[in-house]
Amino acid sequence: MDVVSGVTEGTRVVLWIVAAIMILANFAFIAMSARSRDNNRHFFYASAFIPLVAASLYFAMASGYGTLVQGTHTFYFARYIDWVITTPLLLFDLTLVALPRFPGRGALIGILIGSDVYMIVTGFVASYIRSEYRWAWFGFSCIAFVGILYIIGTRLMAGARQRDPQVRSLFTTLAGILAVLWICYPIVWALGGEGFGVISSFWEAVLYGVLDICAKVGFGFVLLSSPALDRVETTEAQTPSGLPSFSSGD
Ligand code: RET
């Protein structure tokens with residue numbers, strides 16, 4: 001079998017296909033930005049940048065430069081470079097939909113992104129280490145992940161409840177997509193070569209590929225094609241009296 005840097009031919013084909021889909025998504029999101037407005041253009045920039053980053057790192061893996069051969073095991077380290085850049089941007093999008101511009105959402109964005117970077121970096125360490133100690137790092141990463149889901153389910157949800165019904169329902173859809181897809185990542189990790197090794201590296205590449213396409217491209221399409229996007233940065237949280245609320249952020 002033709003193997004380049006530990007990547008077999010079948011897996012390379014999968015990686016090339018995902019790279020191609022990501023670059024097409026980047027073009028599509030750039031084209032969609034024609035309908036953006038000044039107040040929501042950042043969503044288009046972020047959504048287009050996410051598949052561009054993924055395309056370049058899938059390209060690296062497909063061409064044999066995104067892997068590390070560790071004995072009989074191939075570690076696809078480029079995934080973590082992709083995720084450490086793209087997952088904060090996805091959380092950034094979600095937070096902007098949930099919370100109004102005022103009275104400020106910076107602290108929550110900082111906490112979410114900090115925890116997310118920690119989750120990916122500890123996940124990288126778990127993957128790099130081949131001894132049983134990797135499970136401790138997997139555990140650290142999972143703790144941060146639970147924290148992220150907790151903040152989304154509590155603080156962001158509470159913020160979204162105070163918003164325009166269309167914006168609220170966009171948030172609920174995006175948060176649902178994000179939670180369901182993101183939970184699959186540690187499951188694939190545990191089943192794949194870094195964890196228990198019960199699925200082949202080919203199927204691991206297929207599963208991560210499908211997840212990455214749904215979490216980046218699917219999420220981006222839902223966000224950018226929503227009519228509620230125009231209302232996200234214009235509506236403020238409402239108190240029952242209709243006055244802007246000063247309590248839903250910090
Ligand atoms: C790892 C392994 C360690 C434990 C946990 C993980 C979580 C990874 C996640 C990745 C999400 C990636 C996305 C990429 C697409 O844009 C690192 C697999 C908890 C949640 C959404």
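I began at the ligand: one of its oxygen atoms is 2.9 Å from an N or O atom in the side chain of Lys 216. I call N or O atoms within 3.5 Å of each other a polar contact; inside protein, one must be able to donate a hydrogen and the other to accept it, and sequence neighbours count only if both atoms are side-chain atoms.

Next I looked up burial. Taken alone, the ligand exposes 540 Å², and the protein buries 100% of that (Shrake-Rupley, 1.4 Å probe).

A note on the source: this is a predicted model, where local features need pLDDT of at least 70, side-chain atom pairs need 80 or more, and totals for chains, interfaces and linings use all residues. Residues are numbered from 1 along each chain as its sequence is written, and side-chain values use heavy atoms, without hydrogens or water.

Then I checked the surroundings. I found 17 residues around the ligand (a heavy atom within 4 Å), and the closest are Thr 87, Ser 141, Trp 182, Tyr 185 and Lys 216. By class, I have eleven nonpolar, four polar and two charged residues in that shell. I counted Asp, Glu, Lys and Arg as charged, Ala, Val, Leu, Ile, Met, Phe, Trp, Tyr, Cys and Pro as nonpolar, and the others, Gly among them, as polar.
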